[in-house]
Amino acid sequence: MTTVALKPATMAQALTRAMRDAMAADPAVHVMGEDVGTLGGVFRVTDGLAKEFGEDRCTDTPLAEAGILGAAVGMAMYGLRPVVEMQFDAFAYPAFEQLVSHVAKTRNRTRGKMSLPITIRVPYGGGIGGVEHHSDSSEAYYMATPGLHVVTPATVADAYGLLRAAIASDDPVVFLEPKRLYWSKDSWNPEEPQTVEPIGRAVVRRTGRSATLITYGPSVPVCLEAAEAARAEGWDLEVVDLRSLVPFDDETVCASVRRTGRAVVVHESGGYGGPGGEIAARVTERCFHHLEAPVLRVAGFDIPYPPPMLERHHLPGVDRILDAVARLQWEAES
Amino acid sequence: MTVMEQRGAYRPSPPPAWQPRTDPAPLLPDAEPYRVLGTEAAAKADPELLRRLYAHVVRGRRYNAQATALTKQGRLAVYPSSTGQEACEVAAALVLQERDWLFPSYRDTLAAVARGVDPVEALTLLRGDWHTGYDPYEHRVAPLSTPLATQLPHAVGLAHAARLKGDDVVALAMVGDGGTSEGDFHEALNFAAVWQAPVVFLVQNNGFAISVPLAKQTAAPSLAHKAVGYGMPGRLVDGNDAAAVHEVLADAVRHARAGGGPTLVEAVTYRIDAHTNADDATRYRGDAEVEAWRDHDPVQLLERELTGRGLLDEAGVAAAREDAEAMAARLRERMNQDPQLDPADLFAHVYAEPTPQLREQRALLEAELAAENESREGTAR
Ligand SMILES: Cc1ncc(C[n+]2csc(CCOP(=O)(O)OP(=O)(O)O)c2C)c(N)n1
Ligand SMILES: [Mg+2]
């Protein structure tokens, strides 16, 4: 074992540590992708893995996303547990056919005889000043594909726990890594015993009584900030971090909304056809009689991801979230 | 001294990073498709192998006819026939060891059956009671792949994984001429060559991708030539000559197993039937072309060789046909039974554990079915 990550660790380091621990625990775990070996990935998330486990376990592949994922399918058929890195959200699209037609469907097609335990790590989302094709939020495509689990961490501890769970899962997991949180730090201590988080459970990040902000990934810190700012307006906001988009934790989300009676869904992905529509519908179907106002959405605009100098107008920020909270029909209550 | 003299004599040289790479000459395919039957090479062929191939192509021909007949009786939703291509289908199956893997396309149910897959299970996809009807691990046959060429990178990954584990397993992947235009074909061959994965790619060039002839598919000298660009050998073979296909594939399998890396084999053959029973081939090809290929028939080529050399007599021919008839009769009988359907299966294998949402949907369907049953019983009373 090489040195443990520095304290306090970043989300990127927690992800590295998760892969390293998984590789040490199970020789079937193989990391593969573009630049993941010698370089350690363009975000350095696979840093040190090739050195520690050899290039057969952490492999620089040819530059071809369909080929990478397709080869991972064959490796999984033979009993390996590939962890595939897609270099950026928008560069995962060439692998879409393999993902939809094989990765997602093979268990079903073979009546459970053949499962594909593949983890597909995708750095996603904006806010890093990336030029075009480097900031997409592609989760709606993945959510719309039965057979995939779709998971996204918002904290350093979850980055570790959820990635371990993804690699251990016998089903394919699209693991969306909010790239603007890669360098975030929190109280996670890599030297303490680590927990593997179950996939499919949301968590309440902040309790509150006035309304629920339902969010995930890169928008979780934004919502927490909004909740702090909302105190000045007299609102006590609850923040639910979904962590898993598939499966969806109706129970935790609805329990929160039933308590608060109001909800806003917040994400970077475009609103039309985006995850927020599904979430708002689910909440309305289940909590209608507890709702004081329609479920609102604060999402990215329905535009191709903007150039870096304009992206701040696109991303859901504290003000836009508070404006939405203000529209939750408070007058009607009094 | 002039400036030129100070710099010294100008010596042209290649770019610094340039390295002489693989010599392409040994990778190039022959000018003509390799043949065995009816040539001098036939004398060296193992008679036992020829008889085995013969028995299988005769069965294969009958299997294709039976499956096509089942579409007319409504017992199969669709059937992409491999009539005329039996030599490739059979050789691909027989050339592999038990531990090896076959990666078939939708047209290759015959190869799966020749490898040992139960024909009813091989036809499940085309009957429509499920997708993959067989356990891929039972005979090491991957699910029939319909999205063109997508199975090729799977074969590469599996072969690569086997090699990493120290198993001397070879993967043989099948694809059509049209499939060679897909990106996955390119990516698979490139990965296989870079990784030196023990894979054999068998392209059945049957002249058409549905209606589109090869000339509209590629400007390459031949499909086998494509191998050279990846740094692997390309082999061109008469795809209707079962002995030649078997020999070329056997060489490629041996080469792969010995650590020599992948091979691309182009087998030149012809799809005698329409693309599927739902296709009208008269819209894009003439009878004369089909007739020319009927004279170069894989069953006939083997039969002539074997009878001509006294390796097969009339009784042997009759026995092969009887065996094929018996197979067809069994298949017909089994396919004429209605498949058992269980709607609960729809939710059982989407994930290892159904999600809460799928549990809800399953309950909804169960309630619908219960109501259906109730109303049916109501009308019966
Ligand atoms: C990705 C994809 N595109 C289109 C199709 C529809 N399709 C099915 S078979 C076929 C022709 C394939 O021709 P070829 O690869 O030569 O194989 P053959 O049918 O001749 O065996 C097409 C276009 C498909 N199955 N997959
Ligand atoms: Mg064809």
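## Salt bridges across the model

A salt bridge here is a side-chain nitrogen of Lys or Arg within 4 Å of a carboxyl oxygen of Asp or Glu. Applied to this predicted model, that rule gives 43 salt bridges over all chains.

## A link between distant parts of chain B

Let's start with B:Arg75 and B:Asp338, whose side chains form a salt bridge with an N to O distance of 2.7 Å. The two partners are 263 residues apart and sit in distant parts of the chain. B:Arg75 lies in the loop between α2 (47-72) and α3 (86-94) of chain B, while B:Asp338 belongs to the loop between α14 (314-335) and α15 (345-348).

How exposed is each partner? B:Arg75 is partly exposed because its relative accessibility is 22%, and B:Asp338 counts as exposed because its value is 58%.

## Two further pairs in chain B

B:Asp279 pairs with B:Arg271 through a salt bridge of 3.9 Å, N to O. With 0% relative accessibility, B:Arg271 is buried.

Another bridge joins B:Glu305 to B:Arg309, with 3.0 Å between the closest N and O atoms. Are these residues buried or exposed? B:Glu305 has 10% relative accessibility, so B:Glu305 counts as buried; B:Arg309, at 35% relative accessible area, is partly exposed.

Notes. Residues numbered from 1 in each chain as written. Chains lettered and ligands numbered in written order. Predicted model: local features only at pLDDT ≥ 70, side-chain atom pairs only at ≥ 80, totals over all residues. Heavy atoms only, no water. Helix = DSSP H or I, 4+ residues; strand = E, 2+ residues; numbered from the N terminus. Buried < 20%, exposed > 50% of the residue type's maximum accessible area, 1.4 Å probe, protein only.
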